[in-house]
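User: Please show me the sequence and the structure. Then let us talk about aromatic rings.

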Amino acid sequence: MVGRGASEQGPLFAEGGASTLKLVVLLALAIMLMLADRQRGLLDLLRERALRLTEPVYALAAWPGEAMQALRFAVRDRDALAAENAQLREALLQAQAETYRHRSEAAAGERALALLDARSQRHVDAVLARIVDVDLDPFRHRLLLDRGRSNGVSRGDGLMDALGVVGQVSAAGPDTAFAILITDPAHALPVEVSRTGLKTIVYGTGDGEELKLPNLPLSVDLEVGDRLLSSAVGGRFPPGIPVADVTRVERPAGAAFAVAYARPVSVLGRNRELLVLRPQTLVGPPDPEPLQRGVAPLTPPPATDPATPPAAAADEATP
Amino acid sequence: MRARGHYRLFLLSVLAAMLVALLPLPTALLAFKPMLLGLVLVYFALEAPEVAGLGHAFIFGLIADLLYGGIFGEHALRMVILVYLALRFRFRLRFFPVAQQSAAIFALLVNDRVLDLWIRMFGGAGWPPIAFWLSPVVGAAIWPWLFLLLDGLRLKRRQSERP
């Protein structure tokens, strides 16, 4: 095969010719890379490094879209108005995040769950990010954000819009970040059914309108219309942010498990700004005041809460 | 000397193709986006195989993977196969009339889409929407124009290099 290929192309093109050996080696290499990429972590690190190099390309590609937008603004509104608009939107998102948290706290209180109660000490720590106007593969569920490590965004941070959970940051570069949507088949999210408090995991299907909850017990108390909220399991999202609404529950005859499908709450196509939620740290948000006053042992630290270790979350996660 | 001139044109057009693919489009037109990188690589495989070998297809595929944030190695695999087929049938493809060449390119692009589909399926994704198959049609439709454009650029470069 190799010999025939070489003679067909002649000596002139020997170098650029289609050598079967080269093909096999390169294909094997590509397949190995794809398999390695399925093991999270290894290549994400490489991708974060590479973002440093590719960021200028994105800036260049996003430029026409941004110029168009700027032009539209200049014609229609004043800059100040636009800035105010952006501020208001941020405030609204923040407020909504707070509201959802309060709602979940109320539910938690009713169920008298001490663990969730302890967690309610924290506040939502978030960064507003814009979706960069570049087209990645239209059939994949990925986004590019205009905030990166320099703004405190890091891999694993949760993403939400005004309506609900959108996805997670999969790789963070210095000034941009890749995000994976909850609808991506590679994405799984721990959730809680708001009506019953049932904890389960919701998976992406690759379809922008559908999420899947496989492996539910046949006797599961789940109805069409039930709302799924983010749970504290995993520590990526504050509990109580809407994720999806259950659209159908199937109990196939003879199957050992029930399967449910849900529709994401957030509307991805329409919103350009997202909130990046930083995972809550053990020590809570920085509050240097008690230390400075030197009365740390006496004043109860307002948000410091070492009693909610991720270990507890991990315990919940194990089914 | 000529090869080096070609090489520069090759690099520039490949980079331009990757950049153009990133440019924002209205959502309704997204599915129509042709596989420009693949088309450019096929052009150079046909017309200047001394600069566009399998190794280059692999490397540019990897760069595309980094840019588009997909699975690492996906574009690399697809581009290597695309360029391999183009090189393999180079002598036939080059002497096809334009319409027939476009048809052949359509077949190559559909094959590329099928590979893409396989990779998706292995990744656990479901069946993509029907619009997924529009891209090869657009690719085949713009092929003659892309061919003329790159041919024109290449000839110009050759003429300018000659005293």
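**Aromatic rings, question by question**

Analyst: This is a predicted model: local features need pLDDT of at least 70, side-chain atom pairs count only at pLDDT 80 or more, and totals for chains, interfaces and linings use all residues. Residues are numbered from 1 along each chain as its sequence is written, chains are lettered from A and ligands numbered from 1 in the order written, and side-chain values use heavy atoms, without hydrogens and water.

User: Is Phe10(B) buried or exposed?

Analyst: Buried means under 20% relative accessible area, exposed over 50%, and partly exposed in between (1.4 Å probe, protein chains only). The relative accessible area of Phe10(B) is 0%, so Phe10(B) is buried.

User: How many aromatic pairs does the structure hold over all chains?

Analyst: Rings of Phe, Tyr and Trp (its six-membered ring) pair if their centres lie within 6.5 Å. Planes under 30 degrees apart count as stacked, over 60 as edge-to-face and the rest as tilted. Over all chains, the number of aromatic pairs is eight.

User: Which kind of pair do Tyr7(B) and Phe10(B) form?

Analyst: Their ring centres are 6.2 Å apart. Their planes meet at 45°, so the pair is tilted.

User: What about the pair of Tyr43(B) and Phe44(B)?

Analyst: Tyr43(B) is buried at 0% relative accessible area, and Phe44(B) is buried at 0% too. The centres lie 5.2 Å apart, with 85° between the planes. This pair is edge-to-face.

User: Which residues form one aromatic cluster?

Analyst: Both of those pairs belong to the cluster. Its members are Tyr7(B), Phe10(B), Tyr43(B), Phe44(B), Phe60(B), Trp143(B) and Phe147(B).
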